[in-house]
Amino acid sequence: MVNRGGPSFSNDHSARRDKTPIQLTVALPARLSSPPLLPVRATSLQDLVYKSGQAGIKKASVTITFDNRDRNSSPMGYEHHEEITVTRQVVIGGKNKYLINGSNVQNKRVQDMFCSVQLNVNNPHFLIMQGRITKVLNMKPMEILSMIEEAAGTRMYENKKEAALKTIEKKDSKLKEINDILKEEIGPKLTKLKEEKTQYVEFQRIERELDHCKRIYLAWRYVTALRECQNAEENVQNVKNKIEDKKKTISAGDEELKNIEKELDEMAKKRDAEAGGQLESLENELKEAEKKQFKLTAEVNSNKEDIKTGKKEIEQLKANVVDDENAFTSKQKEYAKVEDLFRTLKETDEQDCKAVLLAQEKYQKISSGLLESQDGENATLEQQLISAKQNVTEAQTQRKQCEMTLNHNREQLKKRKVDLKNTGDEYKKYTKDLENKEKEIKYLKNELKKLNYEDGSVERLREEKRALTNEVLTLEEEVDHFESRYPQIRFEYQKPDPNFKHDSVKGVVCKLITVKDKKAAYALDIAAGGKLYNVIVDTETTSKKILQHGQLQRRVTIIPLNKVNGRPMDNQLINLAQKIGGVENVQPALSLIDFPTETTPAMTWIFGQIFICKDIETAKKIAFHDNIMKKCVTLEGDVVDPAGTLSGGAALKTGSVLLKLDELKTVQNKLNFKKQALQNVESTLMNIKSVAEKYTSLKQTFDLRNYEIDMVKQRLEQTEYYKIKEEIESLEKSIEQFLQTMAVAEKNEMESTTHAQNLEHQLKDAGNIRERQLNEAKSELEKLKKKAENSRKEWEKREQEAEVLKLEIEELQKSIVAGKEQLVTSEEKLNVVEEKVTVLEQELNEVKANVKHIQSGIKEQKDIINKQNVYMQKLMIRKEDIIKQSKEAELDIKKLNHEINSIKNIATDCKEKVSELTRKYEWIEENKIYFGKAGGIYDFNVNKPNEMEQKIQQLQSIRENLSRNINTRAISLLDKEEEQYNEMVKKKKIVENDKRKILETIKHLDEKKKETLLEAWEQVNKDFGSIFSSLLPGADAKLQPPENQTVTEGLEVKIAFSGIWKESLGELSGGQRSLVALSLILAMLLFKPAPLYILDEVDAALDLSHTENIGIMLKKHFKHSQFIVVSLKDGMFNNANVIFTTRFIDGMSTVSRSERIRVK
């Protein structure tokens, strides 16, 4: 047991080891805590009992007594105890115990008591061992931060927070359980009972409403039957009156028939008398006039034929003149070519003549003694010899000058080469740099070629994209403008479901049509009418989806292809219509349009039974023909229906929608093309973007390297080495040139010498040479004479061809003149015939007018007769009508007699219905006075009987369906379930409120923890620097966050010597590192000092001066704490109040205690 120290827990106790390594038990506080046994040399709690219980001792206990007289530092709940004893007892085979002041307590209670006085037995920071000091130096920032948290006391909060979070998890689990109950058990039951209650209430309402409707309907039947009985008697009398009227009508008709027959006889006699001689004389006069007309017409036609023939003849003459003129032009061109060849041959002949003259002159010179020299000139041999010797002298002089200059240059070259060797370092440096840069340039060139990118491609594509974007916007504006003018052609919808296929919607009818003949476009507009703006889809399922879920912006009519079945007109009907009206005047509407094959049923339904006609007359013929009877539309938009309706008028000012749509399609196709082009450009841009960036980067590097090469070359040219090298190259070139000049001079000298020697030999044989050259000149002269003769013959031959062409040209000129004269004559004849035709046509017009006059007279006579016939025809029709009316009246009389019998039978049936309703429904007798009265329940104007009958049927059907699933207990069961549901919701709110309060508390404590942690860091940091500087004068220490991090993310140790901060702790010695770690631990302990600290050989790595500094520092900074120090160095004992020394005496370990007497 360790006895208590002084009253203020401030005494130091040092345990001293002497030779024998005996360990003082400093882990007793840990043994009072949780099971981990790492600080103690025992593998289990059983090992702490003497000989593990084998010696008969079955238990072991350890007790610590603490002085508790200072009430300010007492543990919570123990303020009134002067001493506190803490005991832990280990029993083999029994239960381990914890006791405080002799009372059993739980492990948690012991831990909380120690923690309240800064003695956390789970993390005993008050126990400072040598191994712990070395571990501090290897801690990470977060681990150092956790030490600050431990010193600040926020670790206890973390444990509490974890417990609170576990509580929240339990609350969440409870909430989930409540929600599952509400959702899976109570909720479905509640929903089902509400539905059953609704059904039951609805069933009761239907029962009441059905009874109400039945009463109204039966009352109406009763009233109707009574009314029919009364009306039947009145109707019998009315029918009898009608019969009398019909009989009177029959007698009046018989009288009128007699008068009509008499008038018809008189008019027939009068017509026969007037239809005599006048009409016959007019018809004879018409025949004579028509004969004259036919004769004049034949003569006019004959003359017109002559005019046509004359015109053809004139056209032929004109063609002949044109052909001759073309031939004339062609011959002129051919003559020009021949003339050019003729001129060329003549020039050749002249040149040959000149050559002959020159040959003759040469022959004469040689004959006079002037021989031909090497340069082609004629001179005597003596003159040629003098010239050759002069050439030899000049060549020798030139060679000697070159030799002198060459020797001088060679000497200069040797000197400059020596200078070049002395100035090569700088040049080599620049040359090497140049070679490296040229290699890099070559590499960059290859890389640029590999990219296969043309400079400026991106800019061109962007410009093209900008232009295409503007064009697309313009075209889209055109399309939008058109669709805004014709909103009915626009069909927009949202996708009804995710799997909806857009191709199931074919489109608006007008957009699917292409008009073959533009003239018929307006007629097709009228023919289709409103159907032009219907929408075609594949099935009725698609149409339902679009109407229900397509979010349509306007009302539309949809045509499902699987439901519509248009019937086209058969070919026989079409052929008949075209035979009547003409093929070019009548066309089926369906044949004038193109459309997608899949839409054929819809297009046939719209256009299949309609004809498009040229005019209204043709349309009437077709529409009203007995074998056709089809709707017709004219090109002007007039409609003729076989039902008898005609419609038409002025055409729409906007014109045909189909024609406008053709324009729209053109714009739309252009827009699609531009969009595709834009998409391609954007795709190309995306593809080459990375290549372009890489190319730009490489190109910039390439240009930079080129510039650098130019600069290096400039520096090279400015070096002395380069200048000397240039001078050497210049000297070498000049030496080479002088050598070549010397070679040429030597050659000329040799040739001139040889030539002079040859001339000297020739002088000896001058006569033979002259004879040979004379023969050569004579031979050449003869050859040239033959050549000149041949040239002259060729020239004469071409001269004959030119003459022939000239004659042909003259003949063509004559033919052209004759043709033009003949053309004038023919035109004059044609004019005479045309004048004659004009006269005959005037006479013919007069005859035609006479014929028309006679025909009008005949027509007037016939009109008079026709009018008489028409009147007689009307009388005949009236006669037939009267007969028909009489027969119909007789038939009506029979029908009326039969109607009287029917009315009597109806009256009998109504009486039977009234009696049956009265007998079956007793309430009718009581309520019949209210039947039909306004404002009552039997007001038939408000409660319409026809609607009531339908309503009764509907209500009976609904009642029958509801009666199958009625739960009469639904209302009572629903009340119980709702009560249970409300109870669960109330519990749920309580749990949620508890959870919210816990979270708010955690949030508040987190903020408080952060504030406390910052305060602890500032204080510990201050004490850390103070303690370290006292242990190691001239040094400083601090805790700071790592770079770019905050205090709450971790802390690291920084050390400075003489104001210079070290980068890492690796730069410190072992002793300095131990002092840093010890200073940090003590600074943390000083923040909230514990009453007790145990130091185990913390000075092992320190020298004596540092050990003494530790003792002084503990005295200075920890005035209110007790220290138990284990040490092997005397420097530590100098500051201790009580010293325990352990020694081996006679083979046993003994402990002695001594106290230091302090000088006051």
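**Close-up views of a predicted model**

**View 1. An open sheet of three strands, in the order β9-β11-β12, has mixed pairing.** Strands are DSSP runs of E with at least two residues, helices are runs of H or I with at least four, and both are numbered from the N terminus. Two strands pair if DSSP finds at least two bridges between them. β9 (505-508) and β12 (558-560) each have a single partner strand and stand at the edges, so one side of each lacks a neighbour in the sheet. From one strand to the next, the twist averages 20°. This is a predicted model, in which local features need pLDDT of at least 70 and side-chain atom pairs count only at pLDDT 80 or more, while totals for chains, interfaces and linings use all residues. Residues are numbered from 1 along each chain as its sequence is written, and side-chain values use heavy atoms, with hydrogens and water left out.

**View 2. β9 and β11 (residues 535-537) run antiparallel and are joined by three bridges.** Val-508 stands opposite Val-535 in β11.

**View 3. Helix α12 (residues 540-549) lies across β9, β11 and β12.** The helix runs at about 155° to β12. Axes are lines fitted to C-alpha atoms, for helices over the stretch in contact (heavy atoms within 4.5 Å). Angles run from 0 to 180 degrees between N-to-C directions.

**View 4. Lys-614 lies in the loop between β15 (610-613) and α15 (616-623).** Lys-614 is partly exposed, with a relative accessible area of 46%; buried means under 20%, exposed over 50%, and partly exposed in between (1.4 Å probe, protein chains only). Not counting residues up to four places away in sequence, Lys-614 touches Asn-585, Leu-635 and Glu-636. Lys-614 and Glu-584 are 30 residues apart in sequence, and their C-alpha atoms are 8.1 Å apart in space.
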